[in-house]
Amino acid sequence: MQLIEQARALDAEDPLARWREEFWIPRTRQGEELVYLSGNSLGLQPRGVEQALLDELRDWRNHGVEAHFAAERPWYSYHEHFNESAAAIVGASPGEVVVMNALTVNL
């Protein structure tokens, strides 16, 4: 079996392959899909993120700083949504971790 055929066979069996359609894949100027291997950047944009951002921008526009408490999804408690998954990653209890800041702040 040639290498390209083997790669295609593995792709066909990949249980994660269905997730590919959930992301926008950049294209070259000629319209061909780019091979995107940059994992330390923002990564590929999920298709649903545009509307999610527009929703947050709307809340910011309508509520200003009060969106921390008055938004459709109040910002004040965002960190609480990640306690269980973050705890599982580091082997802690949910009450022992908090997700905060960003890469730039942590550097």
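**A strand residue and a helix**

Guide: To begin with a single residue of this predicted model, Trp-24 has a relative accessibility of 41%, and because that value lies between the cut-offs of 20% and 50%, Trp-24 counts as partly exposed.

Visitor: Which residues does Trp-24 touch, leaving aside those up to four places away in sequence?

Guide: Trp-24 belongs to strand β1, which covers residues 23–24. Although Trp-24 and Pro-46 are separated by 22 residues in sequence, their C-alpha atoms are 6.2 Å apart in space. With residues up to four places away set aside, the contacts of Trp-24 are Leu-44, Gln-45, Pro-46 and Arg-47.

Visitor: How far apart are the end C-alpha atoms of helix α2?

Guide: Helix α2 runs through residues 49–63 and so has 15 residues.

Visitor: Within what arc do the buried residues of α2 fall, seen down its axis?

Guide: The buried residues of α2 are Asp-55, Glu-56 and Asp-59. They line one face of the helix, because, seen down the axis of α2, they fall within an arc of 95°.

Visitor: Which residues are exposed on the other side of α2, and what does the cover of its buried residues include?

Guide: On the other side of α2, the exposed residues are Trp-60 and Arg-61. As for the buried residues of α2, what covers them includes α3 (67–70).

Visitor: Which residue just after α2 takes a positive phi?

Guide: Just after α2 there is a phi of about 60°, a positive value, and the residue that takes it is Gly-64.

Definitions and conventions: Residues numbered from 1 in each chain as written. Predicted model: local features only at pLDDT ≥ 70, side-chain atom pairs only at ≥ 80, totals over all residues. Heavy atoms only, no water. Helix = DSSP H or I, 4+ residues; strand = E, 2+ residues; numbered from the N terminus. Buried < 20%, exposed > 50% of the residue type's maximum accessible area, 1.4 Å probe, protein only. Contact = heavy atoms within 4.5 Å. Expected span 1.5 Å × (residues − 1). Arc of directions from axis to C-beta.
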